[in-house]
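Dear colleague,

Please find below the structure that I am handing over to you. My notes on what was found in it follow directly after.

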Amino acid sequence: MGWLDGKTALITGGGSGIGRAVVDRYVEEGATVGVLELDGDRVTALNEEYGDTVHAVQGDVSEWEDNERAVAETVSEFGKLDIFVGNAGIFDKVVQLADLEPDELETAFEEVFRVNVLGYMLGAKAALPELLKTEGCMVFTASYSSFYPATGGMVYTPSKHAIAGIIRELAYELAPKIRVNGVAPGYSPTNLSGVEALGQGESAADPDEIDERYPLRIPEAEEYAGYYVLLGSEENSRASTGAIIEADSGLSIR
Ligand code: NAD
């Protein structure tokens, strides 16, 4: 018996890193999974590897039509939608205000907010009619940067703070039918462009320096997946909505 037996999820950015780990774990826990993923090769890899249990669709979370299509194809393939996981995101390589020309700031704002903020809203909007039918739930990838500075830059950190707002606003709007929660990872080595700079200052690339900053060992992406299983499982987290679990290896207690 899995924690998600008989459930169907849609996971954005499920082709790599944390999203891919959640796809793998959701399937292990008995779910069928739709994926909306920008990278065509990762889409192909998922569909070839999983066959019947995963249906990956190539598209961009910041485009309404792609979100609508991903929901429609997931429902047509698996019959319903119980869990929406908003996860696809991009990084800003820890840019600081003083180092950005105004036009660079505007470009970075438009790129990062379009994916990280608008993308989450559009995905939630597209999934909502189906989730209302099943009284399902939403789980979003937030970040340590949803609460604190320094592990993102001038654009990523505000975008991740906005995600905390999306989670809380949606939790308020959609109760009691739909629970909306989040996971706030600290750092994990993934394909997120620039993320290897996390937490490192001038002395940068010494991995021991990162270890010293985190009270707990830095997890692999796979080690976050259990939080998404918990929050996607009505039986095991039914008293939580608007909650964001800090999974930051203890960074916030330093
Ligand atoms: P990743 O780059 O390994 O995976 C992200 C996936 O999303 C990729 O497959 C990418 O192709 C896809 N994607 C990017 N833009 C997209 C778009 N517009 N439409 C559809 N798919 C798109 O990165 P990751 O580290 O697994 O990041 C996943 C989430 O975790 C992000 O929201 C990120 O902000 C968050 N996060 C990551 C870390 C970390 O340290 N890695 C820490 C905190 C939060």
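**Findings**

Leaving aside its neighbours within four places in sequence, S233 is in contact with W3, L4 and R179. Please bear in mind throughout that this is a predicted model. S233 sits in the loop that joins α7 (225–232) to α8 (234–237). Its relative accessible area is 2%, and because buried residues are those under 20%, S233 counts as buried. As for distances, 27 Å separates the C-alpha atom of S233 from that of S62, and the two residues are 171 residues apart along the chain.

A second residue that I examined is I166, which belongs to helix α5 (residues 156–174). I166 is also buried, with a relative accessible area of 9%. Not counting residues up to four places away in sequence, I166 touches V117, Y120, M121 and F140.

Across the whole structure, the search finds six aromatic pairs. One of them is formed by F91 and Y156 and is edge-to-face, with 4.6 Å from centre to centre and 75° between the planes. The pair ties together parts that are 65 residues apart in sequence, because F91 lies in the loop between β4 (83–86) and α4 (102–134) whereas Y156 lies in helix α5. Are F91 and Y156 buried or exposed? Both residues are buried.

The last item concerns a pair of helices. Helix α1 (residues 17–28) packs with helix α2 (residues 40–50) at an angle of about 15°, and their axes are 13 Å apart. Angles under 35 degrees count as roughly parallel, and α1 and α2 are therefore roughly parallel to each other. The crossing in which α1 passes α2 is right-handed. On the side of α1, the residues that meet α2 are R20, V23, D24 and V27, and their counterparts in α2 are L46, E49 and Y50. Sorted by class, this contact has four nonpolar and three charged residues, and no polar ones.

In brief, S233 and I166 are both buried, F91 and Y156 form an edge-to-face aromatic pair, and α1 and α2 are roughly parallel.

With kind regards

How values were computed: Residues are numbered from 1 along each chain as its sequence is written. This is a predicted model: local features need pLDDT of at least 70, side-chain atom pairs count only at pLDDT 80 or more; totals for chains, interfaces and linings use all residues. Side-chain values use heavy atoms; hydrogens and water are left out. Helices (H or I, at least four residues) and strands (E, at least two) are DSSP runs, numbered from the N terminus. Buried means under 20% relative accessible area, exposed over 50%, partly exposed in between (1.4 Å probe, protein chains only). Contact means heavy atoms within 4.5 Å. Axes are lines fitted to C-alpha atoms, for helices over the stretch in contact, and angles run from 0 to 180 degrees between N-to-C directions. Angles under 35 degrees count as roughly parallel, over 145 as roughly antiparallel, 65 to 115 as roughly perpendicular and the rest as oblique. A crossing is left-handed if the near helix is turned anticlockwise from the far one by less than a right angle, and right-handed if clockwise. Ala, Val, Leu, Ile, Met, Phe, Trp, Tyr, Cys and Pro count as nonpolar, Asp, Glu, Lys and Arg as charged, and the others, Gly among them, as polar. Rings of Phe, Tyr and Trp (its six-membered ring) pair if their centres lie within 6.5 Å; planes under 30 degrees apart count as stacked, over 60 as edge-to-face and the rest as tilted.
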